[in-house]
Amino acid sequence: MDVAYHHLQQTKCILFNPPYFSSSTHRPISVLSISNSRDNNNVRRSLRWGTRNMCLASASSSDTLVSALKKKDKEFEEEDDDLKSWMHKNGLPPCKVVIKERKAYDPRHPSIHYVAASEDLQAGDIAFSVPNSLVVTLERVLGNETIAELLTTNKLSELACLALYLMYEKKQGKDSVWYPYIKELDRQRGRGQLAVESPLLWSESELNYLTGSPVKAEVLERAEGIRKEYNELDTVWFMAGSLFQQYPFDIPTEAFSFEIFKQAFVAVQSCVVHLQKVSLARRFALVPLGPPLLTYRSNCKAMLTAVDGAVQLVVDRPYIAGQSIVVWCGPQPNSKLLINYGFVDEDNSYDRLVVEAALNTEDPQYQDKRMVNVGKERETVLDMLPYMRLGYVSDPSEMQSVLSSQGPVCPVSSCMEHAVLNQLATYFRERLSGYPTTLSEDEALLADCDIDPKKRVATQLIRCEKKILSRCLQATIDLINQLPDTSASPCPVPYAPLLR
């Protein structure tokens, strides 16, 4: 697992966005980002702690599109044409994929659909090329790129606008041009290949599966953000009135409850594709044959790509006929994979946890210490210990020396070094104690074939987090054992850094 330090005043941690400290006495200055990787070469010097993941990668999950708009399932079953047939009738050229199905983990739900190779494929083959006429983007929805950019740079995200559009289309029923696509997304009912929906749609009791994990707080924070977007939905109605004239329905907040919108939003979030090198109004796209029918993997490099007049998929590996097609989900940690897509990849090299460290603002030398660190972001990305040591020194002459010190042990003071490492070790122990189960209990739960799918994916996530924290703790203990005098007591310090 890689450990990377980030200076919060200059750099945002992209994969994690932890809230700032609420304490008025501790200002957030740094973030320690702890991630999975195979590199064990720098365990001692720069706190790069390696981990081995023993499990196979998990398949992706997606969320139901507007499933709360209660459409009778029988209507869907009566349709003869499947999604791919509808696409061919509307411009999809011959392709090398087929839609297949597998049984769901939960026998109460219908089988899972997925995109598979219709013939043997080699790396570099074009699996399919979906014409833009079958791709849903804001440019297509609003018919005006200027309005699209205005909406998404103001108070509403692309996801909210796309969700609103498809909710109204869903109300049209079979009269909607997108009916076969919406029917397919509804059929998935929030289930990807693991038959698990995003925890944004879990009940309060189901969220307790994530007790001890920072993901639980992230879910609640994200849900509040969705509510704020819901409150701004009517903005779309009034700013793009021509779009909604075709719908004989009320304005958004009167036509749809918050719960309906949240389900639609989460569904679009799990299905949307982020296209590169396109205009702002086209960067988020819903692509039939894309997610949730495609399976996300962290170790795959194949991506849906915008080309002239279409979105295509070029595979990155050979496939035999009938094999499920996989695509890259981007460099996302498991916390984001679970929230966005409802799955955990236990072989995810991008997985990480975040530790925040802040100098104590009540320290009389706070400003001096803060200025010492300015311009040092590049160096401290590789090593968190110097920054931690900075919080412990009281002699101004020692500030520069501790920040520029090399190696696992600071030459300034064995007593201070013991205090720094002891604080880290205590922090990791407290994080581990915050989980209601142990690693061995997690293993036993996952060995149970009858475990609830949501509990399974939550347990997979917290097991990955515990492995990272446990190896961090062990590496810190190893550094303590390298101290010249292990019997020395940690130095008392009135203004120790705060770890979160």
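Visitor: How do β9 and strand β10 pair, and over how many bridges?
Guide: β9 and β10 (residues 310–314) pair in the antiparallel sense over 4 bridges. This is a predicted model, where local features need pLDDT of at least 70, side-chain atom pairs count only at pLDDT 80 or more, and totals for chains, interfaces and linings use all residues. Residues are numbered from 1 along each chain as its sequence is written, and side-chain values use heavy atoms, with hydrogens and water left out.

Visitor: What counts as a strand or a pair here?
Guide: Strands (E, at least two residues) and helices (H or I, at least four) are DSSP runs, numbered from the N terminus. Two strands pair if DSSP finds at least two bridges between them.

Visitor: Which residue is the bridge partner of L304?
Guide: L304 has L313 in β10 as its bridge partner.

Visitor: What holds strands of a sheet together, in general?
Guide: Strands of a sheet pair through backbone hydrogen bonds, either parallel or antiparallel.

Visitor: And which strands form the open sheet?
Guide: There are 3 strands, in the order β5-β10-β9, with antiparallel pairing. β5 (126–131) and β9 (304–307) are at the edges with a single partner strand each, so one side of each has no neighbour in the sheet. From one strand to the next, the twist averages 25°.

Visitor: Changing topic: how do α8 and α12 cross?
Guide: The axes of helix α8 (residues 215–231) and helix α12 (residues 258–271) come within 10 Å and cross at roughly 115°. Axes are lines fitted to C-alpha atoms, for helices over the stretch in contact, and angles run from 0 to 180 degrees between N-to-C directions. α8 and α12 are therefore roughly perpendicular to each other. Angles from 65 to 115 degrees get that label, while under 35 is roughly parallel, over 145 roughly antiparallel and the rest oblique.

Visitor: Is that crossing left-handed or right-handed?
Guide: The crossing of α8 and α12 is right-handed. That is the term if the near helix is turned clockwise from the far one by less than a right angle, and left-handed is the term if anticlockwise.

Visitor: Which residues in α8 and α12 meet?
Guide: From α8 you have R222, A223, I226, R227, E229 and Y230, and they meet F258, F261, K262, F265, V266 and Q269 in α12. Contact means heavy atoms within 4.5 Å. The residues of this contact divide into 7 nonpolar, 1 polar and 4 charged. Ala, Val, Leu, Ile, Met, Phe, Trp, Tyr, Cys and Pro count as nonpolar, Asp, Glu, Lys and Arg as charged, and the others, Gly among them, as polar.

Visitor: What about α5 and α12, at what angle do they pack?
Guide: Helix α5 (residues 158–172) packs on α12 at an angle of about 115°, with the axes 9 Å apart. That makes α5 roughly perpendicular to α12, and α5 passes α12 in a right-handed crossing. Among the contact residues are L159, L162 and L166 of α5 and F261, F265 and V268 of α12. By class, the contact of α5 with α12 has 11 nonpolar, 1 polar and no charged residues.

Visitor: Where does P292 lie, and which peptide bond there is cis?
Guide: P292 lies in the loop between β7 (284–285) and β8 (295–297). The peptide bond from P291 to P292 is cis, with omega near 10°.

Visitor: Last one: where is confidence lowest and highest?
Guide: pLDDT is the predictor's confidence in each residue, from 0 to 100. Confidence is lowest in helix α15 (residues 377–381), at a mean of 33, and highest in β5, at 96. Over residues 1–33 the pLDDT is below 50, and this stretch has 121 contacts in the model beyond near neighbours in sequence. The protein chain averages a pLDDT of 75, and 69% of the residues score at least 70.
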